Amino acid sequence: MNTPVNTPANTPANTPARRRVKPGIVAAIVVLVGAFGWLIWGGLDSNVVYFLEPHELLAKGVSGVDVPVRLGGQVKPGSVKWDEVSSDLQFEITDTTGMIVRVRSTGVPPQMFRDAMGVVVEGRLGSDTLFHSTSLMIKHSNEYRAPKEGEQPKEMYKSLMKVPGA
Amino acid sequence: MSCKRLFLEGHPVVSNVYFVVGAYAVSWIVLLAYLFRVQSLLRRSRAALAHARSAGGAT
Amino acid sequence: MTSAVANSPFEAPKSGRWLLFGWLAFAYLIAAQAISIAISPPDRDMGDLQKILYIHVPAAWNMGICYFLVAIYSMRYLWKRDERDDLKAAAAAEVGTLLNGLTLVLGMIWGRPTWGVWWAWDARLTSTLVMFLIFAGYLALRAFVDEPERRAQWSAAAGLFGAINYPIVYMSVRWWRTLHQVQSTPDTLDPSYALSLRLNAFAILFIAIFFIRRRYEAALTERVAEHELQAAVLGGSSRG
C-alpha cells in the first residue's frame, strides 16, 4: 500500500475508482436536459393551449384573421352540410358561451364525426368569417357507453376512412 | 340521444377490427419480446456466475 | 479490501416461485383479455375500437407504478448506498420504459381511426413522449457508465428527474387544454367496460412485477458473478 506510486500497477488505468466520464454521457445528458427545458419553457408553452374556442378566436378580432390556428369546440347539432360529390363539408363549431364559427372542410371526416361531437380543426379564419380547415380531428369525451336498446352498433361503427386503392 | 350519423353510404369501408387486432398484436409482441430478453439475460448472468465460481475453485 | 477470500457483498438471488408467478400472470392476462372482449359491447361511438382501452390505459397506469418504484429505489439508494436498490430502480425503469413505449404506440393506433390523426403535439402526448425519452436516456446512461458506484449515483439522479414527470403527464389533461380527453371515471364508463379495465390493469400489473423481478434477478446475479470473478482473480494473483 505504501509503495511508490510510479509502478505500472498504480497508473490511472488500473485504479478503478476514478474513471474518466465518457463524452457520450455528457452529450446525452445535455441533450436530455435541453429537450426537457425546451419542452417546459418553450415548445410546450405554445401547446399548452392546443386549440382556441370560438369565443377566444372571435375575441382576437382582426389579428385572428388569416393566421394559422387551431379551433376546437362542439359540432352544432343540425349545422352539418355535406356534399357527397365534391366531398365538401360545412358545419358550425360552438362553445359553452354559444359563440359560433362556421367551418368549411374538404374530405371525409373521421368516422366519429357527428352532431354534438367535439372537434378540433386546423386552418385559418377567412375575412369572410368562414374558417377554412385543412385538418379535422375528433376530440372525444371521456365517456364510453354501450349502445342503448334498439341502437345498432354494427351499423354505427362502419369506418369512413378512405384508403388508397380501396 | 341517438344522433344520426353521416356519410355511411358510398364510401369504402375499412373495418376498425384491423386497428384492434393490430393493437393487441403489438402488445403481445412487445411483452413476449421483453420476456425473452429478460429470460436470456438471466441465463447469461447465471452462466457468468457459474464461470466465476469455477474460476474461483480452479485457483 | 485486501482479504484474499473477498466474495460478493451479497448473495446471488434465488428464483423461487417467480417463474410460476410469471406463467400465472400471462395466463391471467389471456383470461382477462378474453373475458373483456366477450363481455363488453361495442362502444356507441367508436365500436370495437373501445377495446384498445384495455391495454392502452393499463400500460399507462403501470408505467406510472414502475416510475414510482424508480423514484423510491433511487431515493433509497442515495440514502443507504446499497447497490441492490440501484439495480431494483434500473429494473423498474426498464419495464416502465417498455410500458411507456407501449402506451405511446397503442395511443397512436387508437388515435388514427378515432381522432383522425396518428399524433398531435398536445400537452399530454408531448409530455408522455418526453418522459419516454428521459428514461431512454436513463437506460443509455447506464449502458455508458461502467463504474458501478458512479453509474448508480448518476442513475439515481436521472431516475428521480424522470419520475417527477409522471404526475405532470397524469395531470396534463386537467391543467392544460389538450386533444387527449381527461381521465374516465367509473361514472363515465359503461359498467362492463369498468370491470374489464380493472381486470386488465391487474394483469399488466402482475406481468410488470414479474418482469421487474426477473430483470433485477439477472442484474444482481451478474453483479455477484463480477464480484466473485474479481475475488477469484485477485486471490489467484496474490498467491501466484
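Two residues count as being in contact here if their C-beta atoms, placed from the backbone, lie within 7 Å. This is a predicted model, where local features need pLDDT of at least 70, side-chain atom pairs count only at pLDDT 80 or more, and totals for chains, interfaces and linings use all residues. Residues are numbered from 1 along each chain as its sequence is written, while chains are lettered from A and ligands numbered from 1 in the order in which they are written.

In chain C, take the contacts between residues at least 6 apart in sequence: 81% of them join residues at least 24 apart. From the N terminus, then, chain C reads α-α-α-α-α-α-α. Its C-alpha trace spans about 80 × 40 × 25 Å along the principal axes of chain C. Of the 240 residues in chain C, 52% are buried (20 or more other C-beta atoms within 10 Å of their own, with C-beta atoms placed from the backbone).

Where chain B meets chain C, the contact takes 24 residues from chain B and 32 residues from chain C.

As for chain A, its pLDDT (the predictor's confidence in each residue, from 0 to 100) averages 75, and 69% of the residues score at least 70. Residues 153-166 of chain A have pLDDT below 50, with 37 contacts beyond near neighbours in sequence. Where pLDDT is low, the predicted coordinates should not be read in detail.

Technical notes. Helices (H or I, at least four residues) and strands (E, at least two) are DSSP runs, numbered from the N terminus. A residue is buried if 20 or more other C-beta atoms lie within 10 Å of its own, exposed if 12 or fewer, and partly exposed in between; C-beta atoms are placed from the backbone.
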